[in-house]
Amino acid sequence: MELNMMEQYILGGFIALVFGLILLYIFLEKSSKCSVKEAPRGASARKSSENVVVGRKDGPPDVVIVGAGVAGSALAYSLAKDGRIVQVIERDLSQPDRIVGELLQPGGYLKLVELGMEECVDGIDSQQVYGYALYKEGRYAKLTYPLQQFSSDVSGRSFHHGRFIQRLREKAASLPNVRMEQGTVTSLIEEKGTVKGVRYKNRDGQDIKSYAPLTIVCDGCFSNLRKNLCIPQVNIVSHFVGMVLNLENGKLPHPNHGHVILANPSPVLFYPVSSTEVRCLVDVPGQKMPSISNGDMAQYLKTKVAPQLPSELHDAFINQIEKGDIRSMPNRSMPASPLPTPGAVLLGDAFNMRHPLTGGGMTVALSDVVVLRDLLRPIEDLGNAAALTKHLESFYTLRKPVASTINTLAGALYKVFCPAPDQASREMREACFDYLSLGGMYSQGPILLLSGLNPRPMSLVAHFFAVAIYGVGRLLLPYPSPNRLLLGVRLLLSAYGIIFPIVKSEGVRQMFFPITIPAYNRGASVVMKSAMFDMMT
Ligand SMILES: Cc1cc2nc3c(=O)[nH]c(=O)nc-3n(C[C@H](O)[C@H](O)[C@H](O)COP(=O)(O)OP(=O)(O)OC[C@H]3O[C@@H](n4cnc5c(N)ncnc54)[C@H](O)[C@@H]3O)c2cc1C
């Protein structure tokens with residue numbers, strides 16, 4: 001009896017909270033529509049990348065960047081364009097062959113435009129992506145990015161990761177003040193708590209030290225340098241098992257769309273990576289997975305996954321399993337917990353990771369590059385490490401709207417799509433699929449969040465609880481029974497249990513009330529000036 005009372009109180013609290021959020025949502029949705037409309041068409045117009053500030057070309061570097069992946073290459077180009085001498089040290093400059101970073105969301109593409117690097121998606125047989133098709137037990141919902149107010153080049157882009165990385169590297173290396181070198185950084189050089197540079201082994205195996213006022217570490221998800229610059233709390237949520245399929249006509253059932261199959265126990269993704277190839281990523285939950293080498297994985301894919309796929313994809317999937325070449329990657333998440341250290345900054349996956357289900361990692365990395373570039377732009381002398389660290393404090397809050405929206409969505413959606421075995425969690429997944437199938441604002445709001453075009457944490461929370469309320473409504477109609485009422489309460493509790501820990505790890509204040517953080521306000525004015533500089537040049 002006591003428990004029932006408690007549940008009632010919790011439900012009452014929830015309903016009050018949700019109504020508040022819905023009101024807030026209506027308000028925010030209106031303003032978000034404005035913001036999307038206001039996003040200038042000009043932002044997508046191809047901006048000349050030749051606005052290069054002519055600075056020194058010789059002498060010691062101003063900045064050392066570790067790693068020339070998505071974040072490192074984009075940052076090297078941006079800082080060099082602003083006149084800095086940049087040394088980039090990359091472990092392997094040959095074309096990477098990985099099953100990561102293949103679908104860039106439209107919001108990420110717009111960040112490339114802001115950096116003047118949008119041509120990096122050209123000449124690599126990249127495919128424009130206009131949204132997603134979400135499949136569940138034979139039904140599907142189509143979620144299209146609302147891109148009407150942008151020019152035709154703005155869309156998601158999918159490609160072979162390695163080809164994209166080589167284009168980013170070439171673009172960075174095309175500037176005379178970028179020195180890109182193959183070498184493996186073994187440690188940071190620290191003196192009295194300040195990072196002074198890096199120690200690395202070059203191509204010939206020589207041990208070399210390189211000094212610079214600022215070291216930016218972008219050494220990716222397996223970073224072994226991050227431990228000095230953040231509190232790493234890496235969690236392996238699941239694995240993606242990847243194959244490239246050659247479909248008969250090269251086209252998915254919904255061409256130029258990502259396909260998400262809500263299979264059991266967890267989702268399967270398909271998206272084009274070239275005009276003839278389709279990437280398939282099967283999520284395998286947990287820290288362990290069936291062995292690929294002894295054939296257990298092939299068996300798992302054939303017997304457990306294949307029967308749940310749409311018929312158009314089934315045969316190509318089976319053929320590819322038989323051909324072999326199955327690869328895997330751990331899906332890690334790690335909240336951003338910086339340890340601000342004079343002389344150094346951490347960026348990209350080394351700093352912050354989320355489940356790759358929503359393909360948000362590159363968008364976060366590129367968005368962070370834009371924020372950092374804007375903050376560094378007015379600083380002529382990077383030599384005062386303590387003052388620079390203070391100045392860069394705002395980076396950690398300014399990045400939050402984009403990063404925390406994408407991170408929270410990825411974590412929450414993965415938990416909804418990969419439900420616990422209890423009925424409430426399964427109901428939440430049903431409700432989510434049906435909610436997205438409603439179309440209109442019910443699908444546009446979430447797809448805007450996922451695309452990185454509307455990075456508003458409050459809108460995300462509002463949609464999440466709207467799904468939960470919708471799920472409860474479905475349970476209570478046409479008439480409520482005590483069992484269904486109880487299930488509704490459990491559904492709400494499960495929704496709360498999904499979203500709350502993620503929001504907590506992102507930081508409630510930074511996520512929802514950044515304006516109350518003094519560093520945020522300081523940084524925001526710097527970023528605004530930088531944006532004006534960009535518009536004028
Ligand atoms: C399975 C999977 C699928 C994904 N799919 C997508 C997707 O579709 N869309 C999306 O946006 N994101 C996706 N992501 C996330 C995305 O790949 C990352 O967010 C993105 O690559 C991060 O860029 P980065 O520059 O931080 O790291 P990386 O791109 O990994 O670059 C790190 C670089 O550092 C170099 N390096 C490492 N150590 C050293 C060292 N000691 N010295 C010198 N160099 C070093 C590496 O060689 C590498 O070139 C996916 C992730 C996973 C795991």
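Modeller: F351 and Y396 are both buried, where buried means under 20% relative accessible area, with exposed over 50% and partly exposed in between, using a 1.4 Å probe and protein chains only. This is a predicted model, in which local features need pLDDT of at least 70 and side-chain atom pairs count only at pLDDT 80 or more, while totals for chains, interfaces and linings use all residues. Residues are numbered from 1 along each chain as its sequence is written, and side-chain values use heavy atoms, with hydrogens and water left out.

Together with F395, the residues F351 and Y396 make up one aromatic cluster. Rings of Phe, Tyr and Trp (its six-membered ring) are paired if their centres lie within 6.5 Å, and planes under 30 degrees apart count as stacked, over 60 as edge-to-face and the rest as tilted; by this rule there are 10 aromatic pairs. In the pair F351 and Y396 the ring centres are 5.8 Å apart and the planes stand at 65°, so this pair is edge-to-face. Because F351 sits in the loop between strand 17 (344-346) and helix 8, and Y396 in helix 10 (residues 395-398), the pair ties together parts that are 45 residues apart in sequence. Helices (H or I, at least four residues) and strands (E, at least two) are DSSP runs, numbered from the N terminus.

Turning to the ligand, 33 residues surround it, the closest being A71, E90, L103, D349 and M362; a residue is near if one of its heavy atoms lies within 4 Å. By class, this shell holds 15 nonpolar, 11 polar and seven charged residues. For polar contacts, meaning pairs of N or O atoms within 3.5 Å, a ligand oxygen lies 3.1 Å from a polar backbone atom of V70, and a ligand nitrogen is 3.2 Å from a backbone N or O atom of G101. An N or O atom in the side chain of R169 is 3.3 Å from an oxygen atom of the ligand. Of the 990 Å² of accessible area that the ligand has on its own, the protein covers 93%, by the Shrake-Rupley method with a 1.4 Å probe. Helix 3 (70-81), strand 2 (86-90), strand 8 (178-191), strand 16 (327-333) and helix 8 (361-376) are the elements that each give two or more residues to the shell around the ligand.

How values were computed: Polar contact = N/O pair within 3.5 Å; in protein donor to acceptor, adjacent residues only side chain to side chain. Nonpolar A, V, L, I, M, F, W, Y, C, P; charged D, E, K, R; others polar.
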